[in-house]
Amino acid sequence: MLPSFPSPLAVHPVPGRPLPFALEFDARAYEHIVSALPSSHETPASWHVLHVAAQQLKTEAASAATVERLLIEEHCADLWRRHGVIPYPYQLNVVRRVLASMNGRAILADEVGLGKTIEAGMIIKEYMLRGLARRVLILVPATLVWQWFAELRDKFGLVATRQRTVYDWERSDVVIASLDTAKRTPHRDVILRQRYDMLVVDEAHRLKDRRSLNWKFVNAIHRHYCLLLTATPVQNSLDELHSLVTLLKPGHLGSSREFQRIFALDARRARDPQQLRAVLSRVMIRHRRGRDTVEFTPRHVHPVPVELTPSERHFYDALTDYVRHEARRTGAFSSQARAIRSLLPLIVLQKEAVSSAAAALLTLHKMLQGSRDDNEQAALQHLLSLGLAVQGHAKADALLELLRQSDEQFIVFTEYRATQHAIQARLDDAGIAHIAFHGGLSFGRREWVREAFRRHARVLVSTESGGEGINFQFCCNVVHFDLPWNPQRIEQRIGRVHRLGQTRPVHVYNLATRDTIEEYILYLLDQKLDLFRQVVGLDEARWTSRVPSFEAAIARIVLTEDSRDAIFASLDKLGSRLAPKANEDPALIDRILGEEA
Amino acid sequence: MTPSPSSATADLALRTFARHFFELLGAPIVERDPDLWQVDLTPDQRKMLEPPSLLPLWLFDPSPSDTVRWWIAFTPEAAQRHPEAKLLTPHSHLFSQMEDACRRHGLVFTGTVWEADAALYRPWLWLHVRRTRRWELLETMMEAWGFDLCTGSIRRGLPPAGAALRPGMPPASARIERIRLTPDDVRTALEEVICRNEVSRSLAWAEAGLDRFYEEAAEINAYFDALTHAEEAGDAASLEEERSRRLEEAKGRLLPRVIVEPVAAALLYIPYP
């Protein structure tokens with residue numbers, strides 16, 4: 001109803017008739033403009049005319065935006081090009097469906113690896129561009145807060161606030177926070193006082209139980225639109241699905257009893273899958289890998305065992321003795337996680353030594369400069385002399401041999417700049433055209449390097465595992481000269497070439513030195529967890545819930561087990577903890593709905 | 001695909017805007033091809049588009065001390081032709097930067113329509129507003145309204161322009177009529193005239209929005225009624241609280257609204273006979 005105005009100018013549009021709409025006047029914008037007027041005496045007309053023209057253009061373009069014509073496609077085009085984001089048609093269709101037929105409330109239940117985060121980012125941005133959303137709360141597992149922050153910043157130009165203090169909830173329009181933090185006081189009380197335009201919950205299978213604190217908390221948050229992201233909307237029972245849908249649209253599946261009566265045959269079977277599918281299609285979108293989404297070319301993994309040269313072996317063994325000695329001295333064998341973590345820099349030394357002596361020498365030199373202990377200085381001096389005496393570079397030889405067997409292009413990844421230089425020197429000697437890529441390059445320079453590699457070089461030597469934004473689909477060979485600690489970085493490395501646009505099978509070569517820490521890491525990642533062959537990416541939240549620090553877990557094994565057999569046995573146990581459990585059936589929902597692959 | 005005449009017009013308007021913008025900035029434009037321009041920007045000109053103070057500290061990119069060259073593409077195809085080209089469309093990031101620069105310098109304007117012998121000037125406030133109909137979707141349009149600040153009469157249409165319009169107040173020798181309307185009066189008048197305008201048009205969009213709201217409200221009510229009778233979840237008071245919260249959310253999502261956003265204003269002194 002139009003309020004009655006005190007102004008003498010008031011003329012009621014239709015006296016006595018309520019309006020079928022509410023009028024919202026942007027008082028903040030009006031006050032800002034009115035308060036700026038007195039200072040505008042010197043403003044030239046041309047800027048004002050241009051400002052009005054810009055608003056006119058923007059408005060006309062917005063009025064031309066339809067469900068088919070999304071605003072993000074134009075707005076994010078530059079960002080996506082710069083960051084190598086390919087907006088897949090099925091992802092853009094998700095935005096259209098959420099916008100047109102779901103009224104901003106959806107369970108995004110794509111299989112792992114199909115980019116649910118990107119889809120959610122697209123929806124958030126589209127809603128913001130259309131003026132439908134301003135305040136957005138994103139609740140995720142603590143380990144994913146940074147990843148969400150970086151994705152929104154890099155791929156959508158949204159600078160969100162990562163919640164750290166109780167004041168952050170009200171400080172920014174877009175806040176990313178851990179669900180576990182958000183649901184506790186005092187944060188909970190502050191959040192429940194807010195009015196959010198959009199609420200996004202990642203890993204939403206944590207809301208499957210209606211009696212849980214998580215569910216009750218999320219249910220109580222005031223929002224207009226809501227996105228729930230999970231690849232496993234049902235893990236054990238159909239009732240979990242009812243819980244999720246009720247968060248979005250209470251009543252859509254009826255009450256819990258009605259749902260059981262109408263839709264469920266038992267806990268894991270639908271009475272009429274087709275009927276359930278039809279009802280769910282109004283609130284849930286699920287894509288599976290295949291012809292309509294993402295279909296990757298085959299990936300072949302080739303282990304390349306490398307035997308260290310005698311002097312490299314001597315250096316590595318001396319380093320290992322030193323690390324074990326330090327472990328005993330500092331009590332790391334006491335199994336205290338903190339003590340083990342304090343030894344990680346020393347274990348990195350071992351990894352550097354199997355990458356190249358040059359990489360380890362740099363670290364040793366720095367340690368020596370920082371050391372105040374005479375005994376430690378003597379030990380480090382001894383290691384330095386062994387490192388300087390290293391003859392040959394077994395891995396570089398293996399790489400050259402690999403390159404000789406093919407005439408295709410290769411990307412060689414290493415963790416260390418010193419190793420990068422060593423590889424480049426060997427490629428120079430062998431007369432192989434190469435170019436270097438590292439994290440310090442500007443975006444423009446990265447593009448230049450990419451083009452130079454595509455047109456002129458045979459080998460790209462990169463220290464940047466992510467290589468964010470730069471993709472090399474024209475190349476199909478990846479060499480892990482050394483292995484990163486973080487398994488996710490393996491996928492980031494391979495993902496530079498093994499993505500949409502790659503037309504040939506991809507070959508991954510893992511150079512691993514025998515009887516070193518590298519061999520153990522490779523055993524765990526390749527043979528136990530099969531990470532190199534998976535194209536779906538890691539479920540990082542699941543990993544970190546079981547092994548908070550992958551590095552610390554490996555370090556503990558390597559430092560505490562005496563024999564090679566004992567190390568492998570412990571790695572087997574660690575692998576079993578990390579592998580998916582039998583009752584985690586990501587495809588249960590597909591079976592319930594009768595959509596088995 | 002052949003562009004429609006309306007999209008061709010929009011494209012021309014965008015190019016005209018871009019040309020005027022860079023001319024005003026003092027940055028020379030070289031047309032590399034019809035859809036790809038090259039613009040050289042001095043550090044000061046670049047700051048107009050990328051003010052460092054607006055960047056968070058961790059994104060701060062120190063501006064180069066030399067002139068930088070930008071490539072501006074008007075089509076995605078042209079953007080592909082140069083690896084560093086910036087796409088310029090009304091929804092592109094570059095357009096947002098240009099829009100911000102225009103807003104900083106031209107949000108408001110004070111001017112006088114000069115007339116040699118005019119002895120009396122009357123102040124008018126011209127408001128450019130964005131009017132948005134919001135239900136499940138949005139429909140947006142721009143319009144301009146002039147308010148005679150002495151009598152309260154309202155005129156719809158663009159403000160006077162041309163060579164006679166000069167920045168600043170009328171000459172000191174001329175008399176200016178006293179302003180009788182407050183900003184609140186202007187706001188009220190604007191709200192009313194827009195409501196009247198809406199009512200005179202088709203209200204089918206608003207009625208469709210209301211229907212959707214009633215439909216969803218019925219679903220919510222049925223759900224909570226069932227819960228209350230079955231006593232499945234919690235006590236009655238908390239259920240009622242949740243029911244009203246859900247209905248409130250549905251209102252926010254679906255109830256039809258007309259949103260009025262003032263985007264620019266000009267205080268113009270017009271000679272009065």
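## A strand pairing across two chains

Strand S1 (residues 22-25) of chain A runs parallel to S11(B), and four bridges join them. Two strands count as paired if DSSP finds at least two bridges between them. Helices (H or I, at least four residues) and strands (E, at least two) are DSSP runs, numbered from the N terminus. One bridge to look for links A:Ala22 with B:Arg257, its partner in S11(B). In general, strands of a sheet pair through backbone hydrogen bonds, either parallel or antiparallel.

A word on what you're looking at: this is a predicted model, where local features need pLDDT of at least 70 and side-chain atom pairs count only at pLDDT 80 or more, while totals for chains, interfaces and linings use all residues. Residues are numbered from 1 along each chain as its sequence is written, and chains are lettered from A and ligands numbered from 1 in the order in which they are written.

## Where the chains touch

Chain B puts 84 residues into the contact, and chain A puts in 72 residues. Here, two residues are in contact if their C-beta atoms, placed from the backbone, lie within 7 Å. On the side of chain B that touches chain A, the most comes from strand S11 (residues 257-271) of chain B, with eleven residues.

Sort that side of chain B by class and you get 47 nonpolar, 16 polar and 21 charged residues. For the classes, Ala, Val, Leu, Ile, Met, Phe, Trp, Tyr, Cys and Pro count as nonpolar, Asp, Glu, Lys and Arg as charged, and the others, Gly among them, as polar.

## A six-stranded sheet in chain A

Now find the open sheet of six strands in chain A, with parallel pairing and the order S11-S16-S15-S12-S14-S13. Strand S11 (299-306) and strand S13 (434-437) of chain A stand at the edges with a single partner strand each, so one side of each has no neighbour in the sheet. On average, neighbouring strands of this sheet are turned by 20° against each other, direction ignored. Axes are lines fitted to C-alpha atoms, for helices over the stretch in contact, and angles run from 0 to 180 degrees between N-to-C directions.

Inside the sheet, three bridges join strand S12 (residues 410-413) of chain A to strand S15 (residues 477-480) of chain A. A:Ile411 has A:Val478 as its bridge partner in S15(A).

## Helices side by side

In chain B, helix H6 (residues 204-230) and helix H7 (residues 236-254) pack at an angle of about 165°, with their axes 10 Å apart. H6(B) and H7(B) are therefore roughly antiparallel to each other (under 35 degrees counts as roughly parallel, over 145 as roughly antiparallel, 65 to 115 as roughly perpendicular and the rest as oblique). Their contact has ten nonpolar, two polar and five charged residues.

Chain A has a helix pair too: the axes of helix H18 (residues 357-370) and helix H21 (residues 417-430) come within 7 Å and cross at roughly 145°. A:Ala358, A:Ala359 and A:Leu362 of H18(A) make the contact with A:Ala418, A:Thr419 and A:Ala422 of H21(A).

## A loop residue

Between H21 and S13 of chain A there's a loop, and A:Ile432 lies in it. A:Ile432 is partly exposed, with 17 other C-beta atoms within 10 Å (20 or more would be buried, 12 or fewer exposed, and partly exposed is in between, with C-beta atoms placed from the backbone). Leaving out residues up to four places away in sequence, A:Ile432 touches A:Leu403, A:Leu427, A:Arg458 and A:Val459.
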